[in-house]
Amino acid sequence: MNKLYDTTCAKTSKLFIHSYSTSFSYASRVLNKSIRPHVYNLYAFVRMADEIVDTFEDHPQYELLDQFEEDLKFAIQHRISANPILHAFQQTFHQFNFEEDLVFSFIYSMRYDLEHQGCETEEKLKKYVWGSANVVGLMCLKIFTKGCQKHYEQLKDTAIALGSAFQKVNFLRDLKDDLYGRKRNYFPILHHQQLDQSTKLKIIKDIEREFQLAYPGILKLPKSAKISVYIAYQYYKRLLIKLKKSSVKKIKENRIRVSNKEKLWVVLESYLKLNFI
């Protein structure tokens with residue numbers, strides 16, 4: 001295998017994800033160097049598929065996603081791809097023995113976004129979140145536990161809860177763009193009721209429950225990953241607090257954010273808190 005090509009593809013994944021996500025950049029920089037490139041490879045793959053679905057409206061999205069999936073299958077089977085991000089991803093896929101079901105469940109949820117306008121029932125929401133978030137958390141856990149199946153199984157349920165919580169925070173934060181822009185409604189309750197203070201708090205209560213389920217698992221993660229995941233956890237909790245304090249009108253009209261200054265404080269605060277846990 002061409003080491004120069006491997007290295008260039010890994011650098012491409014890193015550049016891609018840092019260009020698209022400042023919050024991810026803050027958390028990923030404190031991952032141990034032994035696993036950091038693999039997390040970049042995973043999230044660049046996820047982000048690329050997400051971009052096809054969310055931002056390529058003026059292009060043939062179905063065909064692009066179909067081609068992306070075919071290229072993914074080829075990359076996994078032949079352990080090479082002319083797409084740098086897929087090439088980097090397949091290396092991580094094979095090194096950590098990802099189950100194909102995890103990967104293609106993710107593609108299912110991406111295609112769901114092109115074919116549906118949200119989730120009308122709790123069953124549909126659960127299946128969508130499984131593919132769009134839970135499997136990503138499980139692939140991360142595969143990387144964090146470095147192939148130790150026993151450790152992976154111990155933390156599996158908490159990883160699923162954390163992925164679900166993160167995704168639902170994103171849904172609430174992006175409500176303006178999703179519901180009023182793309183006409184996607186991920187929360188079943190909003191198919192039957194208007195978003196008001198009561199329904200907002202019901203959604204937030206469910207997310208808070210998942211955060212509580214996830215927290216013990218974060219503390220049991222290997223040292224190489226714990227601080228990074230803890231930072232992401234604290235960042236999303238802070239974002240949820242801001243959403244809880246924001247009026248329904250503000251959520252409908254604005255994308256609630258955590259400032260870069262606040263993100264830096266989350267990093268410092270997380271380091272301090274972990275030293276006392």
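Me: Where does Arg79 lie?

Reply: Arg79 sits in the loop between α4 (61-78) and α5 (84-95). Helices here are DSSP runs of H or I, at least four residues, and strands are runs of E, at least two, numbered from the N terminus. This is a predicted model, where local features need pLDDT of at least 70, side-chain atom pairs count only at pLDDT 80 or more, and totals for chains, interfaces and linings use all residues. Residues are numbered from 1 along each chain as its sequence is written, and side-chain values use heavy atoms, with hydrogens and water left out.

Me: Why is Arg79 called partly exposed?

Reply: Its relative accessibility is 48%. Buried means under 20%, exposed over 50%, and partly exposed in between (1.4 Å probe, protein chains only). Arg79 therefore counts as partly exposed. Its phi is near 60°, a positive value in a residue other than glycine.

Me: What makes Lys146 partly exposed?

Reply: Lys146 has 48% relative accessibility, so it counts as partly exposed. Lys146 belongs to the loop between α7 and α8 (149-173). Its phi is near 50°, a positive value in a residue other than glycine.

Me: Why is Val267 called buried?

Reply: Val267 has 13% relative accessibility, so it counts as buried. Its helix is α13 (residues 260-274). The C-alpha atoms of Val267 and Val30 are separated by 9.4 Å, although the two residues are 237 apart along the chain.

Me: How do you know that α7 is largely enclosed?

Reply: Count its buried residues. They make up 17 of the 23 in α7, so the rest of the structure largely encloses this helix. α7 also bends by about 50° at Trp130. That bend is the angle between axes fitted to the seven residues ending there and the seven starting there.

Me: Why is α3 called roughly antiparallel to α7?

Reply: Helix α3 (residues 36-55) and helix α7 (residues 122-144) pack at about 165°, with axes 10 Å apart. Roughly antiparallel means over 145 degrees (under 35 is roughly parallel, 65 to 115 roughly perpendicular, the rest oblique). That is why α3 is roughly antiparallel to α7.

Me: Which residues make the contact?

Reply: α3 supplies His38, Val39, Leu42, Tyr43 and Val46. α7 supplies Val136, Met139, Cys140, Ile143 and Phe144. Contact means heavy atoms within 4.5 Å.

Me: What classes of residue does the contact of α3 with α7 have?

Reply: Nine are nonpolar, one is polar and none is charged. Ala, Val, Leu, Ile, Met, Phe, Trp, Tyr, Cys and Pro count as nonpolar, Asp, Glu, Lys and Arg as charged, and the others, Gly among them, as polar.

Terms used:
Axes are lines fitted to C-alpha atoms, for helices over the stretch in contact, and angles run from 0 to 180 degrees between N-to-C directions.
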